[in-house]
Amino acid sequence: MKQPSGGGAGEARHDGKDQMHRYRFTKRRGIVLASMAALLAAALLTSQLAASSAAPRKRATTETVAIRGKPAENGHHATLYFDAPKTVHKGDILRIVNKTIPHKVGPHTFAMVQQSDIPTTGKEFRNCFSPHHICLSIAHWLGSNGRSPVTQDPAKAGKPGWDTEGSLTKKGDVWFTRNKPDTSFSQIVSAKPGTTITFMCAVHPFMHGKIKVLP
Ligand SMILES: [Cu+2]
C-alpha cells in the first residue's frame with residue numbers, strides 16, 4: 001500500500017483504522033479540491049436565488065458553550081466554569097469549545113446529567129468517582145472504567161444531537177475534550193422545547209450549568 005503523502009514514516013503510530021482513513025482521505029483530496037470550486041459557484045448562485053425569494057429561510061444558529069478558567073488572584077481560588085448561553089432554540093447547533101489549558105487543569109467533559117444527580121457539596125465532589133456516583137457513570141458512558149482511556153467520544157444517547165440527560169442508571173449525551181488545547185464539538189440541539197438541559201464536568205464535578213431549550 002502506498003504511504004499517504006504528508007505523513008512521515010515515523011510521524012505517529014496510527015492504528016489500522018486510522019491509517020486507512022488517512023489514506024483514503026489523501027487519495028480523494030484531489031477530487032475534493034477540484035469539485036470545491038464548482039460547489040462554491042453553485043452555493044453563490046443558490047444564495048442569490050434564496051435572497052431574491054420572498055420567504056426568508058431560517059438558518060441554523062450556532063450557540064457556543066466555552067469552557068473557561070479564571071486564574072487565582074487576591075486570595076481567591078482559580079475557577080473553572082462553563083460560559084454558556086441561558087437559552088438555545090431546538091434545532092440550533094450547540095458547540096462546546098475548551099478554552100482552558102489541558103496540561104494545567106486537565107481535560108473536561110460536557111455531560112448531560114439530570115439535575116438531581118449533579119453533585120453540589122464538597123463531599124459529593126470528593127466521592128464523585130466512586131461506585132454509584134455520577135462521575136464514574138459518565139466515564140462508563142465514554143467507554144472508560146474511570147482509569148482506562150476513553151474509547152467512545154462523543155457518547156450518544158437517545159435521538160441524534162443533544163437531548164438526553166443521563167443519570168446513575170441511564171446513559172446520557174457526553175463529549176470529552178481530551179488533552180489537546182482548543183478542541184471543540186458541535187451537534188444539533190434535539191431536546192424538547194420547554195426542557196432545561198443540565199450538564200457537568202466529570203473531571204471537575206463542581207463545574208456545571210444549565211440551558212433552557214426554546215421552540
Ligand atoms: Cu472540567
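**Reading the labels**

Reply: Happy to! This is a predicted model, and the average pLDDT of the protein is 81, with 73% of the residues scoring at least 70. Over residues 1-33 the pLDDT is below 50, and this stretch has eight contacts in the model beyond near neighbours in sequence. Residues 44-53 also stay under 50, and for them the model has one contact beyond four places in sequence.

Me: What makes low pLDDT a reason for care?

Reply: Where pLDDT is low, the predicted coordinates should not be read in detail. I would apply that to residues 1-33, where the pLDDT is below 50.

Me: What is the overall make-up of the protein?

Reply: There are four helices and nine strands. Along the sequence they follow the pattern α-β-β-β-β-α-β-α-α-β-β-β-β.

Me: Why are S2 and S7 said to stand at the edges of their sheet?

Reply: Start with the strand order, which is S2-S1-S4-S7 in an open sheet of four strands with mixed pairing. Strand S2 (79-83) and strand S7 (184-188) each have a single partner strand, so one side of each is left without a neighbour in the sheet. From one strand to the next, the twist averages 15°.

Me: How do you know that S1 and S2 are paired?

Reply: Pairing needs at least two bridges, and strand S1 (residues 62-70) has five bridges with S2, in the antiparallel sense. They therefore count as a pair. Within this pairing, Ile 67 is opposite Phe 82 in S2.

Me: What makes S5 and S8 a pair?

Reply: Strand S5 (residues 109-112) and strand S8 (residues 196-200) run antiparallel and are joined by two bridges. At least two are required, so S5 and S8 qualify as paired. Met 112 stands opposite Phe 199 in S8. S8 also runs antiparallel to strand S9 (residues 208-214), to which five bridges join it, and here Ile 197 is opposite Ile 211 in S9.

Me: Which residues touch the most other members of the largest nonpolar core, and which element gives the largest share?

Reply: The core has 32 residues, and Ala 111, Ile 138, Val 174 and Ala 202 touch the most other members. The elements giving two or more residues are strand S4 (93-98), S5, helix H4 (134-141), strand S6 (174-176), S8 and S9. H4 provides the largest share, five residues. Leaving aside neighbours within four places in sequence, Ile 138 is in contact with Thr 109, Ala 111, Val 174 and Ala 202.

Me: What about Asp 182: is it buried or exposed?

Reply: Asp 182 has 11 C-beta neighbours inside 10 Å, and therefore counts as exposed. Asp 182 is in the loop between S6 and S7, and its phi is near 65°, a positive value in a residue other than glycine.

Note on methods
Residues numbered from 1 in each chain as written. Predicted model: local features only at pLDDT ≥ 70, side-chain atom pairs only at ≥ 80, totals over all residues. Axes fitted to C-alpha atoms, helices over the stretch in contact; angles between N-to-C directions. pLDDT = per-residue confidence, 0-100. Contact = placed C-beta atoms within 7 Å. Core = buried A, V, L, I, M, F, W, Y, C linked by C-beta atoms within 7 Å. Buried ≥ 20, exposed ≤ 12 C-beta atoms within 10 Å, placed from the backbone.
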